[in-house]
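Please look over the sequence and the model before reading on.

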Amino acid sequence: MIYTNGNIEDIKVGNDPIHKIYLGQDLVWQKKQKPLMLEYEIEDLSKNTIVLPFPVPADRIIVWGDGIIEEVHTGFPSHTYLNEGRYTVSIYKEIQSISSSFVAVENREQLRKVISWGDSSLHILSMQNAFINCAGLTSIPNDEYGAFNTVKTFLACFSGCQALSEIPEGLFKHSYHATTFQACFRNCLLLDRIPETLFTNCSKVTDFCWCFYDCQQLRQIPEKLFENCIHATIYERCFHNCNMLSEIPEKLFENCTDVTDFTQCFSSCQSLLSIPGNLFKNNTQVTIFTGCFADCGKLYTIPENLFQNNTQVRFFNSCFIRCVALKGMTPKDEDGGELWEREGKPGYPDSIVCSFCFSRCYDLDNYSEIPEDWK
């Protein structure tokens with residue numbers, strides 16, 4: 001039901017307002033609640049309808065920012081504006097899920113800012129694909145009031161937000177139950193830094209697959225970024241194609257002792273110059289290094305001890321393929337043995353997939369000694 005004569009009355013109780021919403025003369029809802037607040041821009045009256053990314057039907061009161069207040073119970077609520085301009089849309093009562101997957105491209109591009117995430121009473125359970133490919137989104141806030149306290153997935157949440165240049169430090173401050181950040185910031189082309197404490201309270205996360213994939217302006221990774229992510233198991237393509245990244249902090253994965261998969265984790269990091277020797281020291285459960293440093297064209301050396309503690313690895317295929325600047329020796333085991341001598345030895349796998357591991361690494365000092373099936 002749509003009301004043109006609705007209004008909101010805020011009554012202060014301590015530091016928090018109680019929102020009273022009147023539709024006509026009737027008080028239809030009152031609660032101490034922080035709403036989700038989104039800013040949209042109408043630039044062309046031929047495209048003057050916005051669609052909110054709420055696929056799940058729920059009881060909502062939406063203040064559209066143009067004097068209209070509406071009770072909505074269906075998924076993907078929409079609204080048509082009569083004038084160009086920017087509008088702040090406030091959503092009360094219940095959200096449940098935010099997903100832009102089935103929102104048209106032109107509607108996604110109208111979103112400019114998230115002003116407030118609201119609070120936990122909105123019952124947001126999923127942020128999967130929340131703002132995927134919202135190319136006009138420029139700003140997101142901290143989660144000040146615990147709106148993400150009930151969220152379990154942030155899969156592809158901000159993937160393709162190509163105008164987003166900054167992640168606020170407290171974005172996941174209350175994301176205690178999140179288990180996946182897969183592709184969360186994938187293809188955020190302007191993102192140049194990551195706050196060190198971004199995942200500090202995310203101790204249940206298992207999946208960082210594709211998380212910062214194609215963040216082409218990212219220049220640095222904080223050493224303590226994953227410090228409390230002790231249950232993380234997969235970092236597949238986590239930093240793939242981060243072209244400006246020139247170094248990796250040595251203790252990045254120090255506490256991530258459950259990791260099993262580093263497939264293409266740093267592949268195509270074209271500015272990467274070196275790898276710290278103890279990068280994988282505590283990751284003794286890893287079985288996959290497929291393409292981990294593939295196409296790192298400026299990488300000039302491999303630490304001798306890089307894989308000494310990773311005795312369970314079954315996949316080294318394409319690990320350093322096309323690392324054409326590599327010089328020095330291939331990494332060795334603690335006893336001085338080569339990686340290709342592991343297969344079948346006590347304490348190592350019976351078989352290792354190794355194809356193209358050192359392919360086109362012609363300037364390695366011992367390239368001629370590497371077995372053909374490893375290059």
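The following paragraphs describe the chain as a whole and then two residues.

This is a predicted model, in which local features need pLDDT of at least 70, side-chain atom pairs count only at pLDDT 80 or more, and totals for chains, interfaces and linings use all residues. Residues are numbered from 1 along each chain as its sequence is written, and side-chain values use heavy atoms, with hydrogens and water left out.

One helix and eleven strands occur in the protein chain; these are DSSP runs (H or I, at least four residues, for helices; E, at least two, for strands), numbered from the N terminus. Their order along the sequence is β-β-β-β-β-β-β-β-β-β-α-β. The C-alpha atoms fill a box of roughly 85 × 40 × 30 Å along the principal axes. Of the 375 residues in the protein chain, 54% are buried, where buried means under 20% relative accessible area, exposed over 50% and partly exposed in between (1.4 Å probe, protein chains only).

Two residues, Glu 254 and Asn 366, may be set side by side.

Leaving aside residues up to four places away in sequence, Asn 366 touches Gly 328, Met 329, Thr 330, Lys 332, Glu 338 and Trp 340; contact means heavy atoms within 4.5 Å.
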